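Try each task on your own, then read the solution step by step.

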Amino acid sequence: MKTHIQWKGNVSFLAEADSGHQVLMDGAPEAGGQNQGPRPMEMILMGLGGCTTFDVIFILKKARQDVTDCVVNIEAQRATTDPKVFTHIHLHFILAGNNLNPQQVERAINLSAEKYCSASIMLKNTVKITHDFEIG
């Protein structure tokens, strides 16, 4: 897997993935950015969210759960001094479906966190990651 990052001026960067998709990242205005895209650290959280949601939906469908929606709200705390690494990340899953089994939902989330989500497994070596869920 490869990616290409092109500096676009000030604190703006265009990232292109192997798949050909691009995303513009930009810094906060107080750091010289123009707020034209997510911050690089926000991209890490977005990647984590996408990775684990992919797993949870896949696992639930494989378990024949009729899931119709899945949202993950992620909150993260960062260190106050450089390097401003994440110190805690919490993922709150909100799922909807027909007769979803809470035990199956919990199992899917745990399997993602402990076995399948590469982003989560990589990050948990340096940051505390917690999660919970609700079925709406």
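**Exercise 1. Find how the residues that line the largest pocket divide into nonpolar, polar and charged.**

Step 1. Sort the lining by residue kind: Ala, Val, Leu, Ile, Met, Phe, Trp, Tyr, Cys and Pro count as nonpolar, Asp, Glu, Lys and Arg as charged, and the others, Gly among them, as polar. The lining then splits into seven nonpolar, four polar and two charged residues.

Step 2. Take the volume, which is about 340 Å³ for the largest pocket. Of its 13 lining residues, Met1, Lys2, Thr3, Ala17 and Met43 are the closest to the centre. Two or more lining residues come from each of strand 1 (3-9), strand 2 (12-17) and strand 3 (22-26).

Step 3. Check the terms. On a 1 Å grid over the protein atoms alone, a pocket is an open set of points with protein on both sides within 12 Å along at least five of seven lines, while a cavity is a set where a 1.4 Å probe fits but cannot get out; lining residues have an atom within 4 Å of a point. Grid points are joined across faces, edges and corners, and the volume is the space filled by probe spheres set on them. Helices (H or I, at least four residues) and strands (E, at least two) are DSSP runs, numbered from the N terminus.

A note on the model: it is predicted, so local features need pLDDT of at least 70 and side-chain atom pairs count only at pLDDT 80 or more, while totals for chains, interfaces and linings use all residues. Residues are numbered from 1 along each chain as its sequence is written, and side-chain values use heavy atoms, with hydrogens and water left out.

**Exercise 2. List the order of the elements from the N terminus on.**

Step 1. Count the elements: the protein has three helices and six strands.

Step 2. Follow the chain, and the order reads β-β-β-α-β-β-α-α-β.

**Exercise 3. Describe the largest cavity: which residues line it?**

Step 1. Look for cavities of 30 Å³ or more; the structure holds one. The largest cavity contains about 50 Å³ of space.

Step 2. Name the lining: Leu48, Thr52, Leu91, Phe93, Ile109, Ser112, Ala113, Ser120, Ile129 and His131. Helix 1 (40-62), strand 5 (86-98), helix 2 and strand 6 (128-135) each give two or more of the lining residues. Helix 2 gives the most, with three.

Step 3. Sort the lining residues: six are nonpolar, four polar and none charged.

**Exercise 4. Is serine 112 buried or exposed?**

Step 1. Locate serine 112, which sits in helix 2 (residues 102-116).

Step 2. Apply the cut-offs: buried means under 20% relative accessible area, exposed over 50%, and partly exposed in between (1.4 Å probe, protein chains only). Serine 112 counts as buried because its relative accessibility is 0%.

Step 3. Look at what surrounds serine 112. Beyond its neighbours within four places in sequence, serine 112 is in contact (heavy atoms within 4.5 Å) with Thr52, Asp55, Val56, Ile59 and Cys117. The side chains of serine 112 and threonine 52 are joined by a polar contact of 2.8 Å. A polar contact is a pair of N or O atoms within 3.5 Å; within protein, one must be able to donate a hydrogen and the other to accept it, and residues adjacent in sequence count only if both atoms are side-chain atoms.

**Exercise 5. Which peptide bond is cis, and what is the phi of asparagine 10?**

Step 1. Recall the background: most residues other than glycine have a negative phi, and most peptide bonds are trans.

Step 2. Go to the bond from aspartate 82 to proline 83, which is cis, with omega near -5°. Proline 83 is in the loop between strand 4 (66-78) and strand 5.

Step 3. Turn to asparagine 10, in the loop between strand 1 and strand 2. Asparagine 10 is not a glycine, yet has a positive phi of about 45°. With 53% relative accessibility, asparagine 10 counts as exposed.
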